[in-house]
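Hi,

Here is the structure I promised to pass on. Have a look at it first, and my notes follow below.

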Amino acid sequence: SFDVNVMSFNTSLSMVIKMWTYTETSIGAIARVRDFENNTKSEVKPIESNTPPPGWPTSGAIEMRNFAASYTESSDLVVQGINLTIQPGEKLGICGRSGSGKSSLLATLLHLLEFREGSITIDGVDVAYIPRDVLRGSLNTIPQEPYWMNTETVRFNLYPWPGDTVNDATLIDVLRKCHIWDTINEKGGLDVKMAADFLSHGQRQLFCLARSLLRKSKVVVLDEVSASVDIQTDSLIQAVIRQDLRDCTIISVAHRLNTIVDFDRIVVLDEGRIIECDAPQILLSRPDSRFKELYNL
Ligand SMILES: Nc1ncnc2c1ncn2[C@@H]1O[C@H](COP(=O)(O)OP(=O)(O)O)[C@@H](O)[C@H]1O
Ligand SMILES: [Mg+2]
């Protein structure tokens, strides 16, 4: 019976790790739907067996060439004709009306959709051939909906990844940066279990931001992270992103367009295609720009 206990412990541990890998890389509803459609086995194809070098991606250069993707092998393309060269450390904002393909484009970076045409490389490595769990574990995704495990402590929820441990000073430092250490400290600090109502709504997103600061990936993908928080919390999130993720390549779908107007470039999507791609000030100076139109709404 001892063996059985060890087995079930290992099984539940691997479930926890799976859950984290899955949740932290989910882009809103897409990943949830995908999870129903594919079980893990059928999603991992033999071709996806090229393990990238340790520490990949080290620069965060992204290249999309004549790229197209769809939700299933045979359904209509939802992003297509995508040609995009993103420099290491570039801050790229993505906008477009609802249903234009913004979340789908981000999801392709995590290989949540089927690649149909062209290619995506990150630091020269073709994403199509990397095991999907390795790919997702190598990028930093900040989801729209904050999440944690109610049964676990602040310490665990802040750094749930297996392998390394992080010292308390570092954990407290990121919580301070995200302005939630005082609240957490008052509630008992790093070893307190995080009940469902542990933090207020805005503080939850700040907690997830703190977690992502410990993630240390050169590529950060954000899908409307501040869509459901107040303006003040949004400003704080934006300031932390600019300060603490400044060395990273950031691809951000913006809810409020003023949060990307200082980015290096803006991509405007329409029906899954790029219709504008340039520096925000250049787009704003064009009378017929869609970005300008959306920005002035
Ligand atoms: N899980 C899904 N399965 C199939 N089609 C989807 C799924 N999610 C979104 N779509 C479709 O993909 C297109 C782009 O949607 P989406 O990427 O969510 O746009 P946006 O993020 O810009 O609002 C839409 O036509 C939408 O209906
Ligand atoms: Mg979306």
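Which residues come nearest to ligand 1? Of the 11 around it, they are Gly 99, Gly 101, Lys 102, Ser 103 and Ser 104, where "around" means a heavy atom within 4 Å.

Before the details: this is a predicted model, with local features needing pLDDT of at least 70 and side-chain atom pairs pLDDT 80 or more, while totals for chains, interfaces and linings use all residues. Residues are numbered from 1 along each chain as its sequence is written, chains are lettered from A and ligands numbered from 1 in the order written, and side-chain values use heavy atoms, without hydrogens and water.

Oxygen atoms of ligand 1 sit 2.5 Å from a polar side-chain atom of Ser 104, 2.7 Å from a polar backbone atom of Gly 99 and 2.8 Å from a side-chain N or O atom of Lys 102. Helix α4 (residues 102-109; a DSSP run of H or I, at least four residues) supplies 3 residues, the largest share of the shell.

Cheers

Note on methods: A polar contact is a pair of N or O atoms within 3.5 Å; within protein, one must be able to donate a hydrogen and the other to accept it, and residues adjacent in sequence count only if both atoms are side-chain atoms. Helices (H or I, at least four residues) and strands (E, at least two) are DSSP runs, numbered from the N terminus.
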